[in-house]
Amino acid sequence: MSDLLVIGGGVIGLSIAYEAAGRGSSVHLIDAQQPAREASWAGAGILPPAGEHSANPLEQLTALSNRLHRVWAAEFQNTTGIDNGYQPCGGLYVARDEPTREELGRLHTWASAEDVAIEPLPRGELTRIEPALRPTGGRVDAALLPGECQLRNPRHLKALMEGCRQRGVEIVPAAAAEDFEIKGSRLASVRTESGNFVADQYCLAAGSWTTALARKLRLRLAIKPIRGQIALLKCERPLFSRIVNEGKRYLVPRLDGRVIVGSTEEDAGFDHSTSEDIIAGLIEFAASLVPQLSEAPLEKSWAGLRPASRDGLPYLGQVPELENAFVAAGHFRSGLQLSPGTAVVINDLLAGKPPTIDLSQFRPGRHAGAEASAAN
């Protein structure tokens, strides 16, 4: 019997296990397939800045996570020898049509309200600071968020896996949670094909698959998978150094010259496949911002299933009517960014300690009485 059983081996589950083990708990983590895959592995690793003194709980969780990413990156380097690619690189936000100009306006408003550094870029300045960036299509508005950072998802997950192992976490792949045993007000065990797992406390952190698991605990969550397709272009050398964002799409430059191009938002169920026309559209988008990318070969493409909640907020907290079961899921496009902060607040709850962030708006039972078509 362990102190904690984490169900789900994505970045959220691994981060919770890593933090719990660091606090002295014995931890088992089970995953239906192979940990460190799915949406966590598939993302681009963008870490936008957040307001450090915000009154908004989601903003507070983001700011906490951003601070922890700096700490964890150094910690992983020192203890595991793995560089997760964390780097403060800055983010450029460009707009070439009215919808993206409206988004850019909202970005300025948000940055001003949250005291986040933002620099409007006069015409010509964009190309001066990033000569390879030559957007087509007429008028271009732009701004720089100097506090934007990035890391490399696969490397971060590799470091997390190794960090968990070093802290004694028992990671069990191919152990899908099939059913739960409930005794009174407590979750007593989890049944899998690999046998039953018993712990003092439990945390559901299975991304888009958490909805089906939660139903077995009489909890209704409104989470559904949203597919995001991504292309990886290979360049001989870095063409630009800052992340480039336009609406929901982006270019993320890596130090080795590769460029990640993403991403889509598709309600396609649990379908991981990619489509040639969408990948071609992403490449066309990349070339419209950086013309030299039209000659860059496509190294590979993939898709991830991001767990989107109905109201855009993650579920964080105790399962109603079960004193030793908790949920951490529904982070949508921000799972990797919010993972360390999520790990801290969930472990505070596990320890019976009030988190420093008010989690009431993230409570897992908030959709219990509502129609749950989004979860089907």
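This is a predicted model: local features need pLDDT of at least 70, side-chain atom pairs count only at pLDDT 80 or more; totals for chains, interfaces and linings use all residues.

Colleague: Thanks! Which residues touch the most others in the largest nonpolar core?

Modeller: Leu4, Val6, Leu14, Ile16, Val27, Val169 and Ile346 touch the most other members, in a core of 53 residues. A nonpolar core here is a set of buried Ala, Val, Leu, Ile, Met, Phe, Trp, Tyr and Cys residues joined through side-chain atoms within 4.5 Å. Buried means under 20% relative accessible area, exposed means over 50%, and partly exposed is in between, using a 1.4 Å probe and protein chains only.

Colleague: Which helix gives the most to that core?

Modeller: Helix α1, residues 11-22, with 8 residues. Helices here are DSSP runs of H or I with at least four residues, strands are runs of E with at least two, and both are numbered from the N terminus.

Colleague: How many residues of α1 are buried?

Modeller: 11 of its 12 residues are buried. Among them are Val11, Leu14, Tyr18 and Glu19.

Colleague: And how far apart are the end C-alpha atoms of α1?

Modeller: They are 16 Å apart, which agrees with the 16 Å that its 12 residues should span at 1.5 Å a residue. The expected span is 1.5 Å times one less than the number of residues. Just after α1, Gly24 has a positive phi of about 100 degrees.

Colleague: Back to Leu4. What does Leu4 touch?

Modeller: Not counting residues up to four places away in sequence, the contacts of Leu4 include Ile16, Ala20, Val27, Tyr202 and Leu350. Contact means heavy atoms within 4.5 Å.

Colleague: New topic: how many salt bridges does the structure hold?

Modeller: There are 24, each being a side-chain nitrogen of Lys or Arg within 4 Å of a carboxyl oxygen of Asp or Glu. One of them pairs Arg96 with Glu246, with the closest N and O atoms 2.7 Å apart. Arg96 sits in the loop between β5 (91-95) and α4, while Glu246 is in strand β15, so this pair ties together parts 150 residues apart in sequence.

Colleague: Are Arg96 and Glu246 buried or exposed?

Modeller: Arg96 is buried, at 17% relative accessible area. Glu246 also counts as buried, at 6%.

Colleague: Which residues are linked in a network of salt bridges?

Modeller: Glu98, Arg101, Arg139 and Asp141. Asp141 pairs with Arg101, with the closest N and O atoms 3.0 Å apart. That pair links distant parts of the chain, as Asp141 is in strand β7, Arg101 is in helix α4, and they are 40 residues apart. Both Asp141 and Arg101 are buried. Arg139 also bridges to Asp141, with a closest N and O distance of 2.8 Å, and Arg139 is partly exposed at 44%.

Colleague: At what angle do α3 and α6 pack?

Modeller: Helix α3 (residues 57-80) and helix α6 (residues 153-166) pack at about 65 degrees, with their axes 10 Å apart. Axes are lines fitted to C-alpha atoms, for helices over the stretch in contact, and angles run from 0 to 180 degrees between N-to-C directions. The α3 side of the contact includes His69, Trp72 and Phe76, and the α6 side includes His156, Leu160 and Gln166.

Technical notes:
Residues are numbered from 1 along each chain as its sequence is written. Side-chain values use heavy atoms; hydrogens and water are left out.
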